Amino acid sequence: LERDLYGLKRRLEREDSKYVEEHFTERFKDELFGEANVTCYVFKSRINGKSVKETRETIQREFFKNNMAVLFSVNGQVHGHYTSEFITRSLKLNLLKSHILIHVDCTEMDYNFRKELFMASRDRLKGGEESTSLRRFLARKLGNKRSRLSEIEKRRKASLSVDSGDTKQLLKDFTKSLPMNSELLKLLDQTFKLDKKKDKPKEDQKQKKEKKTEEKEPFKPERFPSFLKIRAKNDGEKEVAKIPLGGEKNILFDTDVENHYLHRIDEPGDLKVGLLDYRSNNTQGGDAPGPIDKIKDLLNVNESSPQDGTIKINFSPTKNAKVGDAIKMKVTLTGAGREFEEIFWVKVSEPKTNNTTTPKPKKVDEEDLGLPEFKLVYKDEKEGFLTWDKLSEASIDMDWQKVMYPMASGDTLQEIYINMDSNVLRNFKSKLKDQDQLNVADRKYIASVYFHTLFLYTITKNRRYEINRKDKDGQPEPVDVGTYLQDIFESYYSEFILNFGGMEELMASLEE
């Protein structure tokens with residue numbers, strides 16, 4: 001009996017991995033901590049014909065230890081971690097909370113910063129200023145709307161879009177009878193940011209549909225690059241981009257190399273950013289910084305793995321940079337015995353100003369509150385509705401025992417998926433024979449599950465409760481509100497509210 005054992009990194013980055021859907025690396029060079037490589041591994045929703053639940057359990061068993069979702073290592077040894085709470089609370093990627101593993105390599109960090117980051121026992125992070133600053137930095141870089149992780153979550157959510165006209169009408173019917181006093185509106189507004197949604201003219205909607213998207217040729221990656229080209233007009237004299245002080249700017253480059261070229265195990269390449277010239281706009285004299293001979297003295301640099309022929313480099317000014325400073329730099333991509341380079345200027349510009357005025361308080365329309373929609377889910381295909389299999393493509397587990405799934409982004413509840421083939425509803429309807437009674441049962445089930453989920457979620461968040469449960473070792477483990485409510489509804493709660501008799505007024509409000 002033999003088995004080859006490999007380290008976690010090698011197992012995750014195997015080309016024939018049946019678990020990993022994609023992975024990429026961000027190399028951060030920042031004045032806060034020096035340099036760090038952050039690699040994100042996104043796992044598949046389903047593998048080898050297994051259900052979403054079975055796949056999730058297999059992935060957790062194979063690659064996650066003690067719910068370590070973010071690993072901090074030095075020279076290959078793990079020194080600290082975050083749990084999946086960081087994925088939901090800081091990155092606001094709730095849909096991917098069980099399908100992301102993030103590795104932060106701290107080996108090249110500044111020594112003084114790194115020694116304040118970990119405990120002397122090297123088993124966990126300190127709770128000091130360095131740890132807090134690094135957490136905020138990672139949340140801002142990995143969780144912003146344009147990040148690759150956010151794009152992956154959007155892609156999975158996009159597969160769940162269905163026509164929700166009927167659900168919107170049902171919500172309007174309900175809110176006509178709901179006693180919307182000021183306190184109740186305030187409670188809902190704190191969680192859902194209620195706004196009146198103005199319907200766009202039909203003509204505008206038609207024009208959007210008529211717009212044809214340009215079909216791109218499929219990207220054909222090469223093992224080694226044959227070119228590097230900046231995606232901007234570059235005459236060598238005028239700056240190609242202006243980087244706002246206190247802000248950041250992305251500069252894109254075209255190439256033909258495969259996505260994992262810079263960080264693959266065999267024959268990796270290298271991307272270098274160097275300073276060639278610097279024209280200071282410092283007119284104060286006397287207090288100027290010392291000699292500037294490296295790009296990191298002026299700009300923080302974030303280099304991303306190539307993505308289908310595009311390399312993105314993010315720049316943000318350091319505290320040494322001043323408005324009007326002109327910086328000439330060279331970006332070099334190494335190839336198989338060759339180097340490809342681009343030379344260009346950038347300029348530090350004025351900070352961006354937010355021309356925002358204090359909005360006037362809006363009157364909430366009781367017929368259009370902007371509440372999270374509900375979407376009905378069935379086991380088998382049914383025109384206009386989602387199925388269990390469709391949800392599994394987005395890493396959502398739905399079966400006979402599940403009653404609902406609350407789709408949230410961070411702390412904001414966006415949609416509620418209601419399982420119309422749950423055992424709870426099937427058992428309840430088994431006692432009924434008349435078709436009208438069956439229709440009423442469906443409506444009662446939808447209303448009960450939706451509004452109980454809505455208000456339980458709202459109250460839990462606004463009262464700032466934090467939920468924990470004991471793991472197998474008896475240690476407290478944080479649980480997000482969505483997971484908690486799912487478990488509550490599976491544990492007889494939904495059966496209770498469905499069979500409870502005091503629902504006449506609620507049902508009357510939903511009568512057509």
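How many residues lie between β10 and β11 in the hairpin that they form, and which residue in the turn has a positive phi? The hairpin has 5 residues between its two strands, and the residue in question is aspartate 308, with a phi of about 50°.

The model is predicted. Its mean pLDDT is 83, and 80% of the residues in the chain reach 70 or more. Two stretches should be read with that in mind. Residues 195-200 have a pLDDT below 50, and in the model this stretch has 10 contacts beyond near neighbours in sequence. The pLDDT is also below 50 over residues 364-369, a stretch with 16 such contacts. The chain has 512 residues, of which 45% are buried. Its secondary structure comes to 14 helices and 19 strands. Among contacts with a separation of 6 or more, 68% are between residues 24 or more positions apart.

Strands of a sheet pair through backbone hydrogen bonds, in either a parallel or an antiparallel sense. Strand β10 covers residues 299-304 and pairs with β11 in the antiparallel sense over 5 bridges. Within this pairing, leucine 299 stands opposite proline 317 of β11. Strand β8, residues 249-254, is also antiparallel to β11 and is joined to it by 6 bridges. Here phenylalanine 253 is set opposite isoleucine 311 of β11. Strand β11 itself runs over residues 310-317, and because 6 of its 8 residues are buried, it is largely enclosed by the rest of the structure.

Of the 6 residues in β5, 5 are buried, so that the strand is mostly covered by the definition in which buried means under 20% relative accessible area. It is antiparallel to β2, with 6 bridges in the pairing, and cysteine 40 stands opposite isoleucine 102 of β5. Strand β3 is joined to β5 by 4 bridges, and these two strands run parallel. In that pairing, leucine 71 is opposite histidine 103 of β5.

Strand β5 also contributes to the largest nonpolar core. This core has 45 residues, and those that touch the most other members are Phe43, Val70, Phe72, Ile87, Ile102, Leu138 and Leu149. At least two core residues come from each of β1 (20-30), β2 (34-43), α2 (52-63), β3 (70-74), α3, β5, α5 (129-143) and α6 (148-158). Strand β2 gives the most to the core, with 6 residues.

Leaving aside residues up to four places away in sequence, isoleucine 87 touches Ala69, Val70, Lys92, Leu93, Leu96, Lys97, Ile100 and Ile102. With the same exclusion of residues up to four places away, lysine 97 touches Ser84, Ile87, Thr88, Asp480 and Thr483. The side chain of lysine 97 makes a polar contact of 2.7 Å with the side chain of aspartate 480, and another of 2.4 Å with the side chain of threonine 483.

Elsewhere in the chain is an open sheet of 4 strands, in the order β15-β14-β17-β16 and with mixed pairing. Strands β15 (386-387) and β16 (404-409) stand at its edges, and since each has a single partner strand, one side of each is left without a neighbour in the sheet. The partner at the β15 end is β14, residues 373-378, which runs parallel to β15 and is joined to it by 2 bridges. Tyrosine 378 has threonine 387 of β15 as its bridge partner.

At its start, a side-chain oxygen of aspartate 434 comes to within 2.9 Å of the backbone nitrogen of aspartate 436. Just after the helix, arginine 464 takes a positive phi of about 60°.

Terms used
Residues are numbered from 1 along each chain as its sequence is written. Side-chain values use heavy atoms; hydrogens and water are left out. A polar contact is a pair of N or O atoms within 3.5 Å; within protein, one must be able to donate a hydrogen and the other to accept it, and residues adjacent in sequence count only if both atoms are side-chain atoms. Contact means heavy atoms within 4.5 Å. A nonpolar core is a set of buried Ala, Val, Leu, Ile, Met, Phe, Trp, Tyr and Cys residues joined through side-chain atoms within 4.5 Å. Buried means under 20% relative accessible area, exposed over 50%, partly exposed in between (1.4 Å probe, protein chains only). Two strands pair if DSSP finds at least two bridges between them. pLDDT is the predictor's confidence in each residue, from 0 to 100.
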